[in-house]
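Biologist: Got the model open. Can you walk me through it?

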Amino acid sequence: MSRAANHTAAQPGSAFQWLRIGLFASWPSSIATVAILYLAWRIIPPFLDWALIQAVWSSEHPSLCRELAGKGACWAFITDKYRFILFGTYPADQHWRPALVVVILLGLYTLSAARTTHWWILGALWLAGLALIGVLMWGGVFGLSQVENERWGGLTLTLLLATFGLALAFPLSIVLALARRSEMPLVRWLTIAYIELIRGVPLISVLFMASVLLPLFLPAGVSIDKLLRAQLAMALFAAAYLAEVVRGGLQAIPRQQEEAAQALGLTYWQRTWYVILPQALTIAIPPLVNTFIGFFKDTSLVVIIGLFDFLTTIKVSLSEPTWTGFGVEAYLFAAFGYFLFCYPMSRYSRHLEPAHQESLVRER
Amino acid sequence: MFGHLDPAKAGAGQKNLTAAFLAPRLRPLLYQILLAAALCLAAWYLVSSAAQNLSDLGIAAGFGFLSREAGFAIGETTLLSYSAADTYLRALAVGFLNTVRAATLAIVFATALGVLIGLARLSTNWLVAKATAGYVEVLRNVPLVVQLFFWYALITESLPGPGDALHPFPAIFISNRGLVFPVFKLGPVDGWLIALILLAVLIIVAWILRPASAPTAHQQIKIPVALVAGSAATLFVSASAGIEIEYPVFSGFNFTGGVSLSPEFTALFVGLTLYTAAFIAEIVRAGILAVDRGQFEAAHSLGLTQRQVMRFIVLPQALRVIVPPLTSQYMNCTKNSSLAVAIGYPDLVSVANTTINQTGQAVEGIAIIMLVYLSISLAISALMNWYNRRFALRGNRR
């Protein structure tokens, strides 16, 4: 009864009535509103005071940070170390190269997200872009000085690990997803074993395997460097998860599509390439983007095997005597950095979800 | 396409033989034989080079090292006593129990918090819905390692020392040495109490495992309530006889008495719980949204109250959507607890890593890690499948 009464009393349009429905609809609701407002009042102003007003921004007087410890945040440490956090130990006079690489990567991400370019032009652009990135990072040609990959680092390395990892994992995941549906029992069993094994163990153990076990299994004299080993391990790990997402897309395609294509006389590969995969991958895009976000976050685990990614460079900067003890600021900054990449991706994935698309169509 | 190539007729002639060879029934077999051969070859090559490398390094393959003395100390040995003089096997067992302890606690608390936040996200209160949505977005879009580092830094750098520990509630102390709170200690006369608690647990288990005889809604609610109330009363009555509360006391440099959680465990527990809760909240929200709008309306029109609608109409249907992704979230939580190694909590991965570094038994060490996590995953999956079957539609029971 009271619900109905509320409904008629509350005509939309007035701010007062919006407050009444949105914040004070019932006693429990009012209590929750007051509690949240009280908490916000207790937390937000002191936090802003610490993080912005009292904070130390300039790295010229590191001692100021110590004096203000507890009262104001010490962002000076980031202004001091930003080049290391962005580019690792890449030679300082060559920093334009990783900077350009980051710009190219961001351009490719945006172009792919827009979904206006035809897929094979996009594919060609990706291949060209990745090749260009390789040339820029390594150098040694076109008069660029050679830079060993031990010196790559920072945000650049995080983006490279994520991008090249996915570039390797995605094609592999399609093969795995198809193999898991194969009619050949041996192929199917092996794929299931691989996917379930990888999904059953933590990424850490796969990374340990790459850093400790792989050298043991290679014949004497053959060695793969640490970065490449980690990159391969991450790609093999991601492929198992992506394969399950792709399989979900494949399962969503009605059987009749396959049968109709078969009736037209198309071979297995023709059916897969022209009929099944384009539909399945389109369906799978939102969950694929979610898996990409997870993978992007997972690159931060290389901190444990000691590669100098975004997180590791921040952690290492903290070990300098001048900046020890400012972990809270450092990791808030790291969190902010990762959030800056992951949040737009998650919004994008939600924007692509069928429910959302339908509502868009309906609004139009 | 190859319909006209009948293998039965392909007996004579080179042309027919080739055709038969390409026939769809034989080709897959050939592929599989080739695949098996290639795999065997690769495996043989890898194993032989590994054997060569191991013998060059002077490492004997096998699990014999497990009975040797470990020689390293472990910071947290709550569930199993351990000293550096114990064996590697015992060290790994301690690590395993530490993993189980962190993961179980995180799963329990994350489920409670996640359900709460998931429901709050659907609140008609604008502020509640927005605040919880913000929580979910922030927590889900920041890597767990970063969050663990953050909590660990917050505990060890920003909190006061044990001398002037924060004291939000009576007898609870928060300092840079971790969290200390009072604990129930069993007194000397507790045989009866333990027997009673065991009996209560047995009755509850028997009730849960009873044959699915579809009890009425009335019974379904009354029986567990009666059981919980009964065991609570038992506990309360026996408390006066045998249980006493031990309060932590600050003496010298640290606290004695009560339960003390290390900064490493506290950071891992807080980080893992808050992170997993954000994912569970989304699962719960999606599960409730998946229940058809008409179901709510029909239930309301029958005159059921808000609570009854939730309890008898929405939740049973939502649980069917919620349980499968919840299962994989529980497995993720267990696997994510391995990130403990980053902040120095001695979980299985951390202990195994130390063992590998000391003994060089990398193959065995990593095999143990993988085997343990696989078994935990399988156990969680079996448990949740069993639970799911109880909630599945009658027709869908397999």
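Biologist: How do strand 2 and strand 7 of chain B pair, and over how many bridges?
Modeller: Strand 2 and strand 7 of chain B run antiparallel, with three bridges between them. Two strands pair if DSSP finds at least two bridges between them. Strands are DSSP runs of E, at least two residues, and helices are runs of H or I, at least four, numbered from the N terminus.

Biologist: Before we go on, what sort of model is this?
Modeller: This is a predicted model: local features need pLDDT of at least 70, side-chain atom pairs count only at pLDDT 80 or more, and totals for chains, interfaces and linings use all residues. Residues are numbered from 1 along each chain as its sequence is written, while chains are lettered from A and ligands numbered from 1 in the order in which they are written.

Biologist: Back to the strands. Which residue is the bridge partner of B:Phe181 in strand 7 of chain B?
Modeller: B:Val259.

Biologist: And what joins strand 1 of chain B to strand 2 of chain B?
Modeller: A hairpin, through two residues. Strand 1 and strand 2 (residues 178-181) of chain B are antiparallel and joined by three bridges. B:Ser175 sits opposite B:Gly178 there.

Biologist: What is the strand order in the sheet?
Modeller: The order is 1-2-7 in chain B, an open sheet of three strands with antiparallel pairing. Strand 1 (173-175) and strand 7 (259-261) of chain B each have a single partner strand, so they stand at the edges with one side lacking a neighbour in the sheet. On average, neighbouring strands of this sheet are turned by 15° against each other, direction ignored.

Biologist: How many helices and strands are in chain B overall?
Modeller: Chain B has 13 helices and seven strands. Of its 398 residues, 30% are buried. Buried takes 20 or more other C-beta atoms within 10 Å of the residue's own; 12 or fewer is exposed, in between is partly exposed, and C-beta atoms are placed from the backbone.

Biologist: Over to chain A. At what angle do helix 13 and helix 16 of chain A pack?
Modeller: Helix 13 (residues 268-298) and helix 16 (residues 327-352) of chain A pack at about 170°, axes 8 Å apart. Axes are lines fitted to C-alpha atoms, for helices over the stretch in contact, and angles run from 0 to 180 degrees between N-to-C directions. The two helices of chain A are therefore roughly antiparallel; under 35 degrees is roughly parallel, over 145 roughly antiparallel, 65 to 115 roughly perpendicular, the rest oblique.

Biologist: What classes of residue make that contact?
Modeller: Twelve nonpolar, three polar and one charged in the contact of helix 13 with helix 16 of chain A.

Biologist: Last one: which residues of helix 9 of chain A are buried?
Modeller: A:Thr191, A:Ile195, A:Ile198 and A:Gly200.

Methods
Nonpolar A, V, L, I, M, F, W, Y, C, P; charged D, E, K, R; others polar.
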